[in-house]
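Subject: Structure handover

Hello,

Please find the structure below, passed on for your own work. My notes on what was found in it come after.

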Amino acid sequence: MPEILITLAIIVIKVVTFTFLVVLPLVPLSVYFERRFSAIIQDRVGPNRVGIPLTLLGMKKDFHFFGLIQPIADGLKLFLKEDFTPNHVRKAFYWLAPALTVVPALITVCVVPFGPDVTLFGHTEKLVIADIDVGPLFIFAISSLTVYGITLAGWASNSKFPFIGGVRSTAQMISYEICLGLSIIPVLLYFGELNLSNIVEEQAKNGWLLLPLWGDSAPWNNGGNYSAWLFLIPAFIAFLIFTISIFAETNRMPFDLPECETELVGGYHTEYSSMKFAMFFMGEYAAMVIGSALIITLFLGGWSFGFGFDDAIANFAIGDFKIGGLLHVGIFLGKLLAFILFFILVRWTVPRFRYDQLMKLGWVIFFEAALINVFLAALIIAAPQFTSAIIASGSVLLVVVTAAVIWVAKVSEPPAKILRA
Amino acid sequence: MVQMGMPPRPAPGQEPTRDENGYEPIGWIPRPAISCANTVAENMGIRTSGELVEKCREGVMEFLLINHPLDCPICDQAGECRLQEQSVGFGRGVSRFIDMKVKKPKNVDIGPRIRLDDERCIMCSRCIRFMDEVAGDAVLGFTQRGTHTTLTVHPGRLLDSNYSLNTADICPVGALTSNDFRFQMRVWFLKETPSIDVNCGTGTNIVIHTRGNTIHRITPRQNDAVNSNWMPDSHRLNFHYIDSEARLTEPLARDNTQHVGTTWTKALETFATKIKNFAADEIAIIGSARMTNEELFLLEELRNTLGVKNFSLVARNGDADALLIAADRNPNTTGAKLVLKQDDPYQSLAAIRSGVQSRKIKALLSFSEDLITDAGFSAEDLSKLDFFIQSSLLANPSAAYADLVLPGAAFAEKRGSMVNLSGRLQRLNRAIEPPTKARDDWEMLRDLISAVTGEKSALHSIEDVFKKITSTISVFDGLTLSKIGAQGIAIQETGYKIALLENERARKAAGIING
Amino acid sequence: MPTIKLTRPKLDAGEKIYLGAIFKGFFLTLSHAIKSLRGKSAGAEGLASSGLGITMQFPEQRWDDHMPEYYRGAPTLVTDEQGRERCVSCQLCEFICPPKAIKITPSEIPSNDPWAKVEKRPLEFDIDMIRCIYCGMCEEVCPEQAIYLRKDYLITGTSRDQMVHNKEKLYEIGGVRVGLVNKWNELK
């Protein structure tokens, strides 16, 4: 009996810690970074004022701390704003929609490995909420539910701009879901594994997928086997497609067509205010955090520090407590923040796509590229078992198929119109 | 100012030469001619532009403006000033005159309603001629000579004719301005609504000048069948009551001794329940010949609905002057006769009064009339009534005795038609909105009718009412409100003559004026 | 009119992938960010930057010393050296004002006033500073040189009423302006 109670308690602690103390605070933090970093890019200052007004208490200077308290003020403002429900909306769905965007994003947290094992009181525990064997599939299954929230918001608002936003978002998400799924098949083939914790551990031991410089993947350790290095080609293609698709999936610039201000006022959340709007906002940023986490986990070694230091870090212990895992959590969060900064950098660099360009990119380029990439990866993985004749014919076949696909894509393109002045 | 010329007169037997377009060559007169003082002849050549003409116009403008003060920012005429327009069109923009301008009296008080500024005067003498020939009260004239010519009133006299404000209208500059309109509003802000005057049976055509929801002034509008170009001061200035303090803005119901504001719905409900307690011969209705045809028509309908026999309008008489003011001070007596199909709609007023005094009549409905001031009722009479309902614009003595006071719309706030004494159907137009909860009278009457019958009325606009009139009364046959137009339509020959028009005709016949 | 045929530039294979251009873009934005962090943004000096980007930190640092000559701040009414209020309430500014921010009630100057010959002055002169767009049309149109845009830019208030400048307030901000044309001073 107490055994079960302890397990339950541990689960609750993990859920609370990872969702509410790690991922949720990352949301306002990334908003702060977004505002601050974009300000710096644009020669501005950004929010640097909000703090504790110590001068009111008779001290000499206010406490600003670079405006890091700004997110709290933002949250407070959103809480205290009038929660206005327009008369013309469909109430039930209108209320349901914001929840449907936040909840899936937070549920996906449960399969992300934040670190390796920790041992406390002689009890070893993995730093992941649910260590299930279908990690990436689970994430895809749950995160694609977000689209319901957005579509419902657009439809229930009963107003034209949200409606267009909702429709755009549906089409976009469904399109990129496919690229997302296809693009990581090479990765899963390579690891032969769907458990994210094991994937990360494998990378920690034998080199990251995009940095195979130690362990078994390095040719000087495995007796001159260059297949891990050769696999960098499909891995990089997969990484590219996956990252860009994540941008589309999270409605971030340059693919934020469901909510682009210049065309649709606020897109699907035009009619929302106060905390309901904040929930869309949170959902979007939480999706961004989870997306980054997934990319890091699959391609960039997750919580691993790399270069063979991971065992040393993992074995760091104070007395009986092996808390090296917590250091790994720190490393993971560091990588996460770096990737969020990359998200922001992209937002302020790349202009927004046109909707037809977006669709073409998804269906004509990424879909085909991911498909061919799967065969390429398979060929590379299978190469050691086959004779060179089979490999050669396979390569030729692949080249022919690739050429055929490119040719079809070219032919199916409508002829360019002649523009007149 | 134009340049003129005629083709050379051919010698006897000589054919005139013509160019390829069939025109004869013009021998131009080397000096410009005043265009308004010349008549056009066959084969005449006229140049409206060209160096000579333009230079001469500029020169004339320069002379006109030499002594004219730079008063435009404070001058009421700015915006409708002929001199300003000419100066913009033909002047040079900059003055070359470096000497002192001639100083003349400014801000002269020459009459109770008119202010004179002699510096602005351009000596056109229109005002002198108007006072002499039209108003028949020659009090204006010029003194001094040359640049020092000064307009003034005759010694010991004042410009106090009841037509004096017309001089301000015809003054092309700001020399004569109205005291009432002085510094009230610049004319370019004013919206102009054509309408008609309701102060007497003549039905003078007017323009109501408004900005926002305020009337700033009223000016006469040309209608050669009614008022020519003029109107009396007394009628022109009688509009300030519209936004006075006494204006009623919401329905009032009497709560014991005090009147309290109520809503239209409640007021109509009260009316419907109370009026049912009285038999038809216990009710009397007093209407007004200041109501439009449409309102009178609905009043008649209300009378029929209630089956009331005691029904009268209130006569209102004054002295006629020899120009525009009629003895009948009700604007729509002729219309009332037509719509109510009575020869004398005023006749049963005395009977109603005695009925009220003898308590035979217990309920009285009065519309647009102040019974104590205008209809000879006393306060005692009105306090005898069991139910007294009154519609009016202003809080007046008889309204104090009413159980229900319904706020109506003033003449500038409604659309509708009236027939003047000479039988001309003319239209009122809405220039401003009624204040707060005050309602157009025809809507009020329509709602009273449906409050009695309990049915929804099919009348949704004033046009619907007029359509109903045309279908029941033959003289209005084939007309609509918009067909009446700005100048009105003569629908009946009454034989009434407007004195001012008769004067004009006589002078025309005597050859004193053209036109 | 000549017809100009525009053709899209031909892209080679490398350009068609766009990745190069995107990375170039990253470099550009990042270099901007670094410049901004080092306080070396273009134009930072001229705008008296606080050190980050080109932004001035407002309540501590004021713009006053850096205001250009042509700056258009709050519209005000001025008096001249004789202490005469120059406005004669001709209402041209009210007419020209694009957002309809100006409201004037004209009145007559009483005959015992030393400037009675001017005849007209505003009884009330309200400028709604919430509506004002600082376009300067009122100054441009004024025939009496009475309304000027001053350099006051801190127009704040806690209610709508406070944001309406009445006549007293306008003269207070406007002050005295000398060297104007004095057309009313002539012998009259």
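How far apart do the closest C-alpha atoms of chain A and chain B lie? They lie 27 Å apart, and no contact joins chain A and chain B. Please keep in mind throughout that this is a predicted model.

Chain contacts

There are 2 pairs of chains in contact, and of these, chains A and C share the most contacts. On the side of α14(A), the contact is made by A:Phe342, A:Leu345 and A:Val346. From α2(C) come C:Phe26, C:Thr29 and C:Leu30. Sorted by class, this contact between α14(A) and α2(C) has 5 nonpolar residues, 1 polar residue and no charged ones. As background, two packed helices are described by the angle between their axes and the distance between the axes.

Cavities

The count comes to 8 cavities of 30 Å³ or more. The largest cavity holds about 180 Å³ of space. It is lined by 15 residues, and those closest to its centre are A:Ser143, A:Glu249, A:Thr250, A:Ala287 and A:Ile290. Four helices of chain A each supply at least two residues of this lining: α4 (135-143), α6 (160-183), α10 (232-249) and α12 (274-299). Of the elements that line the largest cavity, α12(A) gives the most, with 4 residues. By class, the lining of the largest cavity is made up of 9 nonpolar, 5 polar and 1 charged residues.

Second largest pocket

The volume of the second largest pocket is about 1,100 Å³. Its lining has 44 residues, and B:Leu65, B:His68, B:Pro69, B:Leu70 and B:Lys101 lie nearest the centre. Two helices of chain B, α1 (51-66) and α2 (82-90), each supply at least two residues of that lining. The largest share comes from α1(B), with 5 residues. In terms of class, the lining of the second largest pocket has 21 nonpolar, 9 polar and 14 charged residues.

Domains

Chain B is divided into domain 1, covering 3-11 + 27-88, and domain 2, covering 252-494. The C-alpha centres of domain 1 and domain 2 of chain B lie 55 Å apart. For chain C, the assignment gives domain 1 (13-59) and domain 2 (75-180). Between the C-alpha centres of domain 1 and domain 2 of chain C, the distance is 44 Å.

Backbone

Most residues other than glycine have a negative phi. In chain C, C:Glu119 is not a glycine either, yet has a positive phi of about 70°. C:Glu119 is placed in the loop between β3 (102-108) and β4 (120-128) of chain C.

Regards

Definitions and conventions: Residues numbered from 1 in each chain as written. Chains lettered and ligands numbered in written order. Predicted model: local features only at pLDDT ≥ 70, side-chain atom pairs only at ≥ 80, totals over all residues. Heavy atoms only, no water. Contact = heavy atoms within 4.5 Å. 1 Å grid on protein atoms, 1.4 Å probe; cavity = no way out; pocket = protein on both sides within 12 Å on 5 of 7 lines; lining within 4 Å. Points joined across faces, edges and corners; volume = space filled by probe spheres on them. Nonpolar A, V, L, I, M, F, W, Y, C, P; charged D, E, K, R; others polar. Domains from an automatic or database assignment.
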